[in-house]
Amino acid sequence: MSIRSAYGALRTAWRHPVPDRGVVGLAVVVALAVRTGPSAATWAAAIAAVIACLPPRWSPEPADEPGGSAAEDLRSPRLDPWVIARSVVIVTCCVVLGGWRTADAWSGLRPDVVGPFDGWALVIDDPQPYAGSTRVIVELDGERFESWHRGRAARLRAGSWRAGEWVRVVGERNELDAERSERVAWQHVVGDFELDWASDVLTGRPIDRASNRVRAAIERGGATLPGDDGALFRGLVVGDDRDQPPEMIGRFRASGLSHLTAVSGQNVSFVLAAAGPLLVRLRPWWRWFVTLGLIAWFVSLTRFEPSIVRAGVMAGLSATGFVLGRERTPLRLVGWAVIGLLLADPLIGWSVGFWLSVGATAGVVTVGPWLGERLGSLGPLAMPVGVTLGAQVGVVVPLVWVFGSLPLVSVPANLLAVPVAGFVMLYGLPAGLFAGAVAESAPWLASAVMLPCRFGVRWVDTVAVVAARLEPGGAVSWCGWAVLVVAIGLIAARNRGRHGSPSADR
């Protein structure tokens, strides 16, 4: 649709058919419809979403418009019955479509065939090592199964496979119990595959081969770092946490820094920033095409994790809005990304990583700036503290619900680690590729190129170690959060008169 027909704007002021608050309301409705079906909570949210989709009740027309003055429009509400009906239809469709898509997705989480299998299996994701076993998701005749490999020989064999490769296998397909099926539903796993024998391995599609070559180069570049630094480097750059020891994973979780090793919007923004000098030289439509291709490549490189898919969709929507000349508020992009992803793949709603990513992003773009503007007495730390607290506000529900805790040290830990981790993400991707290319022929050059990453990774890990040791845990953490909330409230109240008032502006 053209901009004029889509927005129905007067003169040059383009307006969205659905306001930002309406998009957020629709996202909440779709999320509830997916998770709970057409429940009372869903319909209550639907009523609120209908109201949110309506234009402002008191909306003045310009004084020179025919049919009345601005004063008359201010005295009478402009509630068009057609707009109300349209909002009701949109919200109702979201509820019905979300419930139908979820029911259809869950009905497909049972294997069509169980029993012996002899043929080629497509490796869906890189093998994930656990204590004493390695888990691999494979696709057999179009259905996904999880396969557990135990024993040193079996683990080494499965650990060498990569996503997108084809493996000749013989084994048994079995159903999953209800509890396990719900836990792995977001990965579309329908059953368990007991492997008896595996032999030949074939490379996959061109895009899979390209992604595996890039990841292999980054892995060689990371191998120039000592100890476990290489594993952390790969986690920061492409979200590859397979080789991180349990102790490292534990301290990053305890310090509230585990999000750094899960690729998300920050990684996408750094990739686009690195490509910025090239993109700005292109014409708008070519820039849009190359940007979407770059986003798709990076999402594929990072194995389509829910957090990176959410970030990629938001980045794609932003690029599309830019080339069409449309307004792109961050919260609106979050809402449309949630709506689109949940309707396209309702099972992603059972991914904790997806909701942590959505919550953190929503908190950063709403609560973060609001707090940053009201913490002016903190000086240069005002906006970083506001954004960090905004992210914590956004993830408090899924963190407490799933993990039962919210680390108190996460605020100072993020303030100290995130800027350095951002540098590693931005510099590390091209540096890792270059170092991986020359690691065998010129190891000294690879080590020199990776030296900044070595210092950055060490800093981030040191922050995690210290923060994990200082985290009090239990009731002390909750008391600390209460004190922190009160302190932030007092600072914000103290600065209230300096922000947003006419006198302050004058």
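Helix 14 and helix 15 are oblique to each other, an angle class covering whatever is left once under 35 degrees is called roughly parallel, over 145 roughly antiparallel and 65 to 115 roughly perpendicular. The model is a predicted one, where local features need pLDDT of at least 70, side-chain atom pairs count only at pLDDT 80 or more, and totals for chains, interfaces and linings use all residues. Residue numbers start from 1 along each chain as its sequence is written, and side-chain values use heavy atoms, with hydrogens and water left out.

**Helix 14 with helix 15**

- Helix 14 covers residues 306-324 and helix 15 covers residues 330-344; they pack at about 120°, with axes 9 Å apart. Helices here are DSSP runs of H or I with at least four residues, strands are E runs of at least two, and both are numbered from the N terminus.
- The axes are lines fitted to C-alpha atoms, for helices over the stretch in contact, and the angles run from 0 to 180 degrees between N-to-C directions.
- On the helix 14 side you'll find V309, R310, V313, M314, L317 and S318, which meet P330, L333, V334, W336, A337 and L341 of helix 15. A contact is heavy atoms within 4.5 Å.
- Sorted by class, this contact has 10 nonpolar residues, 1 polar and 1 charged. Nonpolar takes in Ala, Val, Leu, Ile, Met, Phe, Trp, Tyr, Cys and Pro, charged is Asp, Glu, Lys and Arg, and the others, Gly among them, go down as polar.

**Other helix pairs**

- Helix 16 (residues 352-365) packs on helix 17 (residues 367-374) at about 35°, and their axes are 3 Å apart.
- A362, G363, V364 and V365 of helix 16 meet V367, G368 and P369 of helix 17; that makes 5 nonpolar, 2 polar and no charged residues.
- Helix 18 (residues 382-403) and helix 19 (residues 410-438) have axes that come within 10 Å and cross at roughly 125°, so helix 18 is oblique to helix 19.
- Helix 18 passes helix 19 in a right-handed crossing. P384, V385, T388, L389 and Q392 of helix 18 touch S410, V411, N414 and L415 of helix 19, giving 5 nonpolar, 4 polar and no charged residues.

**Strands**

- Strand 3 (residues 133-140) pairs antiparallel with strand 4 over 8 bridges; pairing takes at least two DSSP bridges between the strands.
- Strand 3 and strand 4 make a hairpin with 2 residues between them, and D141 in the turn has a positive phi of about 55°. V136 sits opposite S147 in strand 4.
- Strand 4 (residues 143-150) also pairs with strand 6 (residues 189-202), in the parallel sense over 3 bridges, with R144 opposite V189.
- Strand 5 (residues 166-175) runs antiparallel to strand 6, joined by 9 bridges; E175 has G191 as its bridge partner.

**Confidence**

- The chain averages a pLDDT (the predictor's confidence in each residue, from 0 to 100) of 85, and 90% of the residues score at least 70.
- Residues 1-14 stay under 50, with 24 contacts beyond four places in sequence. Residues 58-77 also stay under 50, with 21 such contacts.

Notes:
Left-handed = near helix turned anticlockwise from the far one by under 90°.
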